[in-house]
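This report goes through one structure in plain terms. Look at the sequence and the model first, then read on.

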Amino acid sequence: MTSTSTPGPAPGPDQAVSERRLAGRRQINWLRWATVTVIVVSVVLPGVSLLLRSFAFRWHYPDVLPGEWGLDAWAYTIDDTSRVFESLGNSLRIALLTTTLALLVGMPAARALGQHQFRGKRMVEWILMMPIIVPSLVAAMGIHIVFIRLGLTATVLGVSLVHLIPATPYFVLVMSSVFANYSPALEETARTLGASKIRVFRYVTLPAISSGLLVACLFTFLISWSQYVTTVLIGSGILITLPMVLFPFLGQGNAAVAASITLIFVAPAVMVLILTSRSLGRGSTVMGGFGKV
Amino acid sequence: MTLERRQTPLRERLKIPLMLTPALAVILLLFLGGLVAGLMQSLGYFPAAGLTEFTFRHYVDAVADRNFLVSLWTTFRIAFSVTLLSTVFAVGAALVLRQRFPGSRLATFLFQIPLPVPHLVAASAVILLFAQSGLLSRIGAALGLVDAPGDFPAILYDNASIGVMLSFMWKEIPFVGLVVLAILQSVGPQYEELAQTLGATKRQRLVHVLLPLIMPGVVSTWIIVFAFTFANFEIPLLLGRSFPTTLPVQAFREFQRPELTSRPKGMAIAIVLAVITVLLLIAYRRLARYSRST
């Protein structure tokens, strides 16, 4: 680092080296634009096709754009006979209850795992993380008969309890990493200064963990929101959620209605993207946790 | 503080177990409880259907079924292909996106968009785009590549399950890609620069420096992606063939038959599914320990 480097193009045999380097750079650029193009197309095209389809009245093959536009699909979607509103309400109720329950059971465990060392910690982590790998569907199938006996099938509580199986591990996972990066020293200071436990939580702990907590809650909400087969099972086909209304339309049903229900179904995910976009732009990988929705 | 702690040792000792109890209760009761109840049913103990005798008959029934091996193979093939292809594309995308260039931040943002989107939405979009009369077929027609819907390759409800794999990969590539990006960011450029100073070519740096650095983290995401794809129900039901189907679909079909007596067979298939993922989990722990020790 003490020697001075010579700027500018070097003469002689170095010319070939710099030319090769330039060719290499051109190759990278080609790869770069191919990658970016594929990313843009694979994100924009699905969105555009859903929007076009939901607002198309007549769309004959091989027209790239619909021949006639219309709101028929949307009119049917918001009509009571489609059961979209009913199922939307159920989906919201179930996802909110699941998030609340995950918050209540997950917060203390996340704090214990994030801030304390204790015997058997790895064992606890093992148990809590098992539903990430072992399918919840199998557990839901096994527990179905017990839920029938307890009268929990076809109830919001019953479905939420089953959604809690995949939701709790992820909530604990996100929050324990939040707590691992959080120093409890300020809490001690506040306590020494005479603040009550509730005030310490409200004014010291909560502001420090709030953004991580928001991500964990959104994440839990989306896990519940996206559940399909466990809801079919425990809901007994009586308690209908949004993906259950969407599903038959995706098979043989009206494609325009399928597109409009899909757009409603994707709305919370879009809201999450908007809410977290500020941290996303900074190259943060906070979204990594959402992968398993 | 120390005095107080010494005065209430029991409370202090109980603090952590008490904090862990609610979450452990949920997992132990609902998840492990469900697995154990399912195991009992698969072994023939199912009083609700009048079955109380323990037997391996349902496992024999399930495995002897010609559909079982075909479904198992289909499930493996889809999960393996999705995991492998997602990793290849994800590593490629991450290596491009870690560089700074005009629009790189926007590209990284767009790359992450599929993450919070439900799989069913991905399936819905795949249908609209890749159906034989879908948008891509129409664009193909406008370019003169396709004359009629029948000319467009049938990749939905096909033997090779391409539609199923596309739906999964749309979500799994960003998932694996973000893990790789995070590793690359935490590693920093110093190893590559060192290799470059020592005269390593671009290819050598990729094969001998970058890939060994990202592999341990990638392996753990493999297990997650594989297990998830392996156990997913709705995508193969929606976009795959009805025969051969995948194990979760087959298990659920048997389970949902109106006669309760066919439930143990469905449950046996489900338990096989769970056992395979438990084996994966054990392999994952081994690999995690191995990669930590090296």
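## Chains, contacts and confidence

Chain A holds 11 helices and 2 strands; helices (H or I, at least four residues) and strands (E, at least two) are DSSP runs, numbered from the N terminus. Starting at the N terminus, the order of elements in chain A is α-β-β-α-α-α-α-α-α-α-α-α-α. This is a predicted model, in which local features need pLDDT of at least 70, side-chain atom pairs count only at pLDDT 80 or more, and totals for chains, interfaces and linings use all residues. Residues are numbered from 1 along each chain as its sequence is written, while chains are lettered from A and ligands numbered from 1 in the order in which they are written.

Chain A has two domains, domain 1 (17-70) and domain 2 (83-292), with bounds from an automatic or database domain assignment. Their contact takes 4 residues from domain 1 of chain A and 6 residues from domain 2 of chain A. Two residues are in contact if their C-beta atoms, placed from the backbone, lie within 7 Å. On the side of domain 1 of chain A that touches domain 2 of chain A, helix H1 (residues 14-55) of chain A gives the most, with 3 residues.

Of the contacts in chain A between residues at least 6 apart in sequence, 74% join residues at least 24 apart.

The two chains also meet: 77 residues of chain B and 79 residues of chain A take part in the contact. Helix H2 (residues 9-42) of chain B supplies the largest share of chain B's side, 16 residues.

The table sorts two contact sides by class. Ala, Val, Leu, Ile, Met, Phe, Trp, Tyr, Cys and Pro count as nonpolar, Asp, Glu, Lys and Arg as charged, and the others, Gly among them, as polar.

| Domain 1 of chain A, touching domain 2 of chain A | 2 residues | 1 residue | 1 residue |

Buried residues make up 43% of the 293 residues in chain A; a residue is buried if 20 or more other C-beta atoms lie within 10 Å of its own, exposed if 12 or fewer, and partly exposed in between, with C-beta atoms placed from the backbone. In chain B, helix H12 (residues 247-255) is largely enclosed by the rest of the structure, because 8 of its 9 residues are buried. Among them are B:Leu247, B:Pro248 and B:Phe255.

Chain B has a mean pLDDT of 88, pLDDT being the predictor's confidence in each residue, from 0 to 100. Confidence in chain B is lowest in helix H1 (residues 2-7), at a mean of 50, and highest in helix H6 (residues 119-130), at 94. The model scores ipTM 0.89 and pTM 0.88.
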